[in-house]
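I'd like to walk you through one protein model, so let's get it up on the screen.

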Amino acid sequence: MPVPGNGFGLLHAYLATSEDRAGEWEPIYSIAPRTKAPVVREFIDDEGEVQRRLELARWGLHPSWAKDKGPRPINARMETVATNGMFRGPFSSGRAVVPMTSYYEWVEADDGGKDPYVIHHPDGKLLHAAGLTAARKAEDGESWDITFTIVTREARDAGGEVHDRMPVFLTNDAVGEWLTPGKLEAEQKDPLLAMIDDVSTTVAGELETYAVDRKVNNVRTLDRTDPSLIEPLAAS
């Protein structure tokens with residue numbers, strides 16, 4: 001999930017965040033589970049005004065009620081997100097946007113290895129993935145640790161060429177509706193799911209894919225700040 005080279009400044013411009021609680025964050029070109037990435041959430045302040053906040057969260061949802069050694073899912077299926085016990089609470093009141101310029105998927109190769117691909121918008125547009133967040137008290141007992149998962153759906157178009165699932169990407173107009181703070185009422189859930197199904201199908205039809213070097217496969221040796229990780233693989 002790489003983010004563009006000028007980092008938070010661009011995220012603020014695209015997502016119109018009114019508050020930054022993430023501090024400085026350098027863009028990286030490969031985000032692994034349990035590492036931190038920018039997310040955008042909305043909340044209602046003490047004066048009753050809606051505020052949009054940009055902050056860092058750890059990838060892998062870990063609700064406050066979950067055991068420390070329990071699962072920390074990085075993805076949540078759109079088809080069951082409103083009913084699955086792990087996700088229904090965050091879906092109701094912890095929705096977020098996970099901004100990215102592209103994402104990786106892999107294809108089994110004839111030699112037994114995996115060939116990585118980057119899926120992106122051909123115009124370089126920032127992608128807004130629907131996410132869910134959870135918060136729990138940090139070890140210091142005062143601050144909060146935020147974790148997140150990305151909502152996925154059956155792949156469409158370019159994404160389907162590489163993998164059968166893909167993130168649920170929102171159009172610019174849909175971001176505000178998805179982020180609206182407050183707990184969803186029962187009658188609001190199905191219309192919201194129908195909306196993200198529709199708009200994510202539209203976004204999926206605009207995406208393209210290309211192969212990249214296998215060096216992105218080795219999480220122990222790759223340099224996450226190396227922009228060449230997302231460079232198209234030269235034709236042989």
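Let's start with the largest pocket, which has a volume of about 520 Å³. A pocket here, on a 1 Å grid over the protein atoms alone, is an open set of points where a 1.4 Å probe fits, with protein on both sides within 12 Å along at least five of seven lines, and lining residues have an atom within 4 Å of a point. The volume is the space filled by probe spheres set on the points, which are joined across faces, edges and corners.

Before I go on, this is a predicted model: local features need pLDDT of at least 70, side-chain atom pairs count only at pLDDT 80 or more, and totals for chains, interfaces and linings use all residues. Residues are numbered from 1 along each chain as its sequence is written, and side-chain values use heavy atoms, with hydrogens and water left out.

So, who lines the largest pocket? There are 24 lining residues, and W59, I74, Y104, E105 and W106 lie nearest the centre. Two or more residues each come from β4 (75-77), β6, β9 (144-154) and β10. Strands, by the way, are DSSP runs of E, at least two residues long, numbered from the N terminus. Which element gives the largest share of the lining? That's β6, with 4 residues.

β6 also belongs to an open antiparallel sheet of 3 strands, in the order β6-β7-β12. At the edges sit β6 (102-108) and β12 (208-211), each pairing on one side only. On average, neighbouring strands here are turned by 30° against each other, direction ignored; the axes are lines fitted to C-alpha atoms. Pairing needs at least two bridges found by DSSP, and β6 and β7 (residues 114-120) have 7.

Now to β10 (residues 165-167), where we find R165. Is R165 buried or exposed? Buried, because its relative accessible area is 14%, and the cut-off is under 20%, with over 50% being exposed and partly exposed in between (1.4 Å probe, protein chains only). Leaving aside neighbours within four places in sequence, R165 is in contact (heavy atoms within 4.5 Å) with several residues, including R77, E105 and T152.

Last stop: D226, in the segment after β12. D226 is partly exposed, at 22%. Beyond four places in sequence, D226 is in contact with Y29 and K215.

Definitions and conventions
Axes are lines fitted to C-alpha atoms, for helices over the stretch in contact, and angles run from 0 to 180 degrees between N-to-C directions.
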